[in-house]
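Me: I'm new to this one and want a quick tour. Can we start with the charged side chains?

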Amino acid sequence: MIDHYQTIPELNIKGRINTPEEFDKIGLPKDLKGQTVLDIGCNAGAYLLECRKRGAKHLVGVEPNEHWKQIADKVLSSNNDFEIYPYVYADKIFHKLSGF
């Protein structure tokens, strides 16, 4: 039996947390039309999938765990504009949340 962290109803994945309930708790905007979303530590891609449903144009996930990365690839495979990276290297990191 595989132990999942995120719940993804579309794939019948039952995780340890009820991911759909978390979207409102974290304040995920209802309308992300045309936005680019970066999810660092995207796990199986549940939040990216929800962002796509809310209209995000481009999805980028970072997930170093190969098992979770493979699931995220599967979850998002019907979206032509997504990328899942095992690592991201940067000289500088800026934290900015806009539109929340």
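Me: Which residues are linked in a network of salt bridges?
Reply: Glu 50, Lys 53 and Arg 54. Keep in mind that this is a predicted model.

Me: How far apart are the atoms in those pairs?
Reply: For Glu 50 and Lys 53, the closest N and O atoms are 3.8 Å apart. For Glu 50 and Arg 54, the N to O figure is 2.8 Å.

Me: How are Glu 50 and Lys 53 placed in helix α2?
Reply: They sit three residues apart in α2, so about one helical turn separates them.

Me: Buried or exposed, that Glu 50?
Reply: Glu 50 counts as buried because its relative accessibility is 14%, under the 20% cut-off. Arg 54 is buried too, at 13%. Lys 53 is partly exposed, at 48%.

Me: How many salt bridges does the whole structure have?
Reply: The search finds five. One of them joins Lys 30 and Asp 24, at 2.7 Å from N to O. Lys 30 has 59% relative accessibility, so it counts as exposed.

Me: What about Asp 39, and where is its nearest side chain of opposite charge?
Reply: Asp 39 is buried but has no salt bridge. The nearest side chain of opposite charge is Arg 54, 12 Å away.

Me: What is Asp 39 in contact with, then?
Reply: Tyr 47, Leu 48, Val 60, Gly 61 and Val 62, leaving aside neighbours within four places in sequence.

Me: Where in the fold is Asp 39?
Reply: In strand β1, which covers residues 36-40.

Me: Which strand does β1 pair with?
Reply: Strand β2, residues 58-62. The two run in the parallel sense, over five bridges. Leu 38 has Val 60 as its bridge partner in β2.

Me: Zooming out, what pattern does the protein follow?
Reply: It reads α-β-α-β-α-β along the sequence. That gives three helices and three strands. The protein has 100 residues, and 40% of them are buried.

Me: Now the inside. Which residues of the largest nonpolar core touch the most other members?
Reply: Ile 8, Cys 51 and Leu 59, in a core of 21 residues. Both α2 and α3 (66-75) supply at least two residues of this core. α2 gives the most, with five. In soluble globular proteins, nonpolar side chains tend to be buried together.

Me: What does Cys 51 touch?
Reply: Leu 28, Leu 32, Val 37, Ala 56 and Leu 59, not counting residues up to four places away in sequence.

Me: How many residues of α2 are buried?
Reply: Six of its eight. They are Ala 46, Tyr 47, Leu 48, Leu 49, Glu 50 and Cys 51.

Me: Last topic, the backbone. Which residue has a positive phi although it is not a glycine?
Reply: Asn 43, with a phi of about 55°. Most residues other than glycine have a negative phi. Asn 43 lies in the loop between β1 and α2, and it counts as buried because its relative accessibility is 10%.

Me: And what follows α2?
Reply: Gly 55, which also has a positive phi, near 105°.

How values were computed. Residues are numbered from 1 along each chain as its sequence is written. This is a predicted model: local features need pLDDT of at least 70, side-chain atom pairs count only at pLDDT 80 or more; totals for chains, interfaces and linings use all residues. Side-chain values use heavy atoms; hydrogens and water are left out. Helices (H or I, at least four residues) and strands (E, at least two) are DSSP runs, numbered from the N terminus. Buried means under 20% relative accessible area, exposed over 50%, partly exposed in between (1.4 Å probe, protein chains only). Lys and Arg count as positive and Asp and Glu as negative; His and the chain ends are not counted. A salt bridge is a side-chain nitrogen of Lys or Arg within 4 Å of a carboxyl oxygen of Asp or Glu. Contact means heavy atoms within 4.5 Å. A nonpolar core is a set of buried Ala, Val, Leu, Ile, Met, Phe, Trp, Tyr and Cys residues joined through side-chain atoms within 4.5 Å. Two strands pair if DSSP finds at least two bridges between them.
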